[in-house]
Protein chains: 2
Amino acid sequence: MKEIEFWFSIGSTYTYLSVTRLKEVEQKFEVKFSWQPFSVRKIMLEMDNVPFPPTKQVKADYMWRDIERRAQGYGFEAKVPAPYPLKEFDLANKIAVIGMQEGWCSDYVIATYRRWFVAGLEPGSEPNVSESLREIDQDPERVLELAADETIAKAYLSQTEQAQSKRIFGSPSFIVDGELFWGDDRLEDAVNWALS
Amino acid sequence: MKEIEFWFSIGSTYTYLSVTRLKEVEQKFEVKFSWQPFSVRKIMLEMDNVPFPPTKQVKADYMWRDIERRAQGYGFEAKVPAPYPLKEFDLANKIAVIGMQEGWCSDYVIATYRRWFVAGLEPGSEPNVSESLREIDQDPERVLELAADETIAKAYLSQTEQAQSKRIFGSPSFIVDGELFWGDDRLEDAVNWALS
């Protein structure tokens, strides 16, 4: 079973497409994804890379339509535009870091993204956070207390530094055998690379 | 036979992938591409959208590797990095506008892109321009004289304004039944849309 690193930030719009189909891809092919949260926002700010500035409204409109169409093609729903950008980007991802340490990362990320793109509720904010955690049998109070701790801030930063050292600059990114693939539309390339 | 508008600028790196495989796609599916040159540079400048600024070297490195890998996957060569950006971007595209008017646009674009990505010779500059035109039985002297004419500058601007009115912001772009698809990696989506 070949492992593919899946590097992501909750808050990235296109990441919804990958998050929602990775389990199916695992069932279809002999691959396993290792879910790795990081802060794409921090890396993009350092690169002076703003995804949707006001001068790029035409591009932003296209992105939403593209996500909607691609989701339809994959067989699931995307209500667009979803709330963007996230007010509590870091909290959403710190919870994913806790999930990574405790073994429920993918379940949480799938749950919080579904609420974002189907119910229009932002990850990192209520009621999305508590609802998503309860859905996967985690106590919101316990998790939120942990998320406020310095240990998790450090683990989150360390994930981001690791991503940066791997030359990751966007979410979602896939790494297999040292090859970097960026974007949901490169997931098939990453899987083919893993299987070749 | 369904027609798909193919909007492109010579000078866009990813456009190499589409230019090189469109004829094959036409043979495989019941679609026909209408080749439409425009200035993506003008549109991007207006959007304040700089593709590869110095702070984004990591991203630029990725792009070249991605293009190389995708070309290999399609079964053709891409020597990367190719010379970038083009010194004579507008001239390269004005010649394509003449080709559009005279019926040899796609042959010229394929020839000039192959020299760029296989021989490392820039479109719009010599020897690429004259070699590409001679390959397709066009007289370089005649074409270059025409390219310097105000009529062609106006036709080129008109193409760009049309692209803008269609909400195109990047190259390559495909339009079918009013749906816009951006990027070589959306070519299959555009074809599926045309055939559905």
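**View 1. Strands β1 and β3 of chain B pair in the antiparallel sense.**
In this predicted model, strand β1 (residues 2–8) and strand β3 (residues 173–176) of chain B are joined over three bridges. Strands (E, at least two residues) and helices (H or I, at least four residues) are DSSP runs, numbered from the N terminus. Two strands count as paired if DSSP finds at least two bridges between them. B:F6 has B:F174 of β3(B) as its bridge partner. Strands of a sheet pair through backbone hydrogen bonds, either parallel or antiparallel. Residues are numbered from 1 along each chain as its sequence is written, and chains are lettered from A and ligands numbered from 1 in the order in which they are written. Since the model is predicted, local features need pLDDT of at least 70 and side-chain atom pairs count only at pLDDT 80 or more, while totals for chains, interfaces and linings use all residues.

**View 2. Strands β3 and β4 of chain B form a hairpin.**
Two residues lie between the strands, and B:D177 in the turn has a positive phi of about 50°. The pairing of β3(B) with β4(B) is antiparallel, over four bridges. B:F174 has B:F181 as its bridge partner in β4(B).

**View 3. The sheet of chain B is open and has four strands.**
The strand order is β2-β1-β3-β4, and the pairing is mixed. β2 (31–37) and β4 (179–182) of chain B are the edge strands, each pairing on one side only. On average, neighbouring strands are turned by 25° against each other, direction ignored. Helix α1 (residues 15–28) of chain B packs on the sheet and touches β1 and β2 of chain B; the direction of the helix makes about 150° with that of β2(B). Contact here means that the C-beta atoms of two residues, placed from the backbone, lie within 7 Å. Axes are lines fitted to C-alpha atoms, for helices over the stretch in contact, and angles run from 0 to 180 degrees between N-to-C directions.

**View 4. The sheet of chain A is also shown, with four strands in an open arrangement.**
Its order is β2-β1-β3-β4 with mixed pairing. The edge strands of chain A are β2 (31–37) and β4, and each pairs on one side only. β3(A) and β4(A) pair in the antiparallel sense over four bridges. The bridge partner of A:S173 in β4(A) is A:W182. Helix α1 (residues 15–28) of chain A packs on this sheet, touching β1 (2–8) and β2 of chain A, and its direction makes about 150° with that of β2(A).

**View 5. Helix α4 of chain A crosses helix α8 of chain A.**
The axes of α4 (residues 89–102) and α8 (residues 150–165) of chain A come within 9 Å and cross at roughly 90°. The two helices are therefore roughly perpendicular, a term for angles of 65 to 115 degrees; under 35 counts as roughly parallel, over 145 as roughly antiparallel and the rest as oblique. A:N93, A:K94, A:V97 and A:I98 of α4(A) meet A:I152, A:A155, A:Y156 and A:Q159 of α8(A). By class, the residues of this contact are five nonpolar, two polar and one charged. Ala, Val, Leu, Ile, Met, Phe, Trp, Tyr, Cys and Pro count as nonpolar, Asp, Glu, Lys and Arg as charged, and the others, Gly among them, as polar.

**View 6. Helix α4 of chain A also crosses helix α7 of chain A.**
The axes of α4(A) and α7 (residues 140–147) come within 9 Å, with a crossing angle of roughly 105°. This pair is therefore roughly perpendicular. On the α4(A) side, A:L91, A:K94, A:I95 and A:I98 meet A:V143, A:L146 and A:A147 of α7(A). The contact has six nonpolar, no polar and one charged residues.

**View 7. Chain A touches chain B.**
In this interface, 15 residues of chain A are in contact with 15 residues of chain B. α3 and β4 (179–182) of chain A are the elements that give two or more residues to the chain A side. α3(A) provides the largest share, four residues. The chain A side has six nonpolar, two polar and seven charged residues. For the complex, the predictor gives an ipTM of 0.92 and a pTM of 0.94.

**View 8. Two cis peptide bonds are shown, one at A:P172 and one at B:P85.**
A:S171 and A:P172 are joined with omega about 0°; A:P172 lies in the loop between α8 and β3 (173–176) of chain A. B:Y84 and B:P85 are joined with omega about -10°, and B:P85 lies in the loop between α3 (57–74) and α4 (89–102) of chain B.
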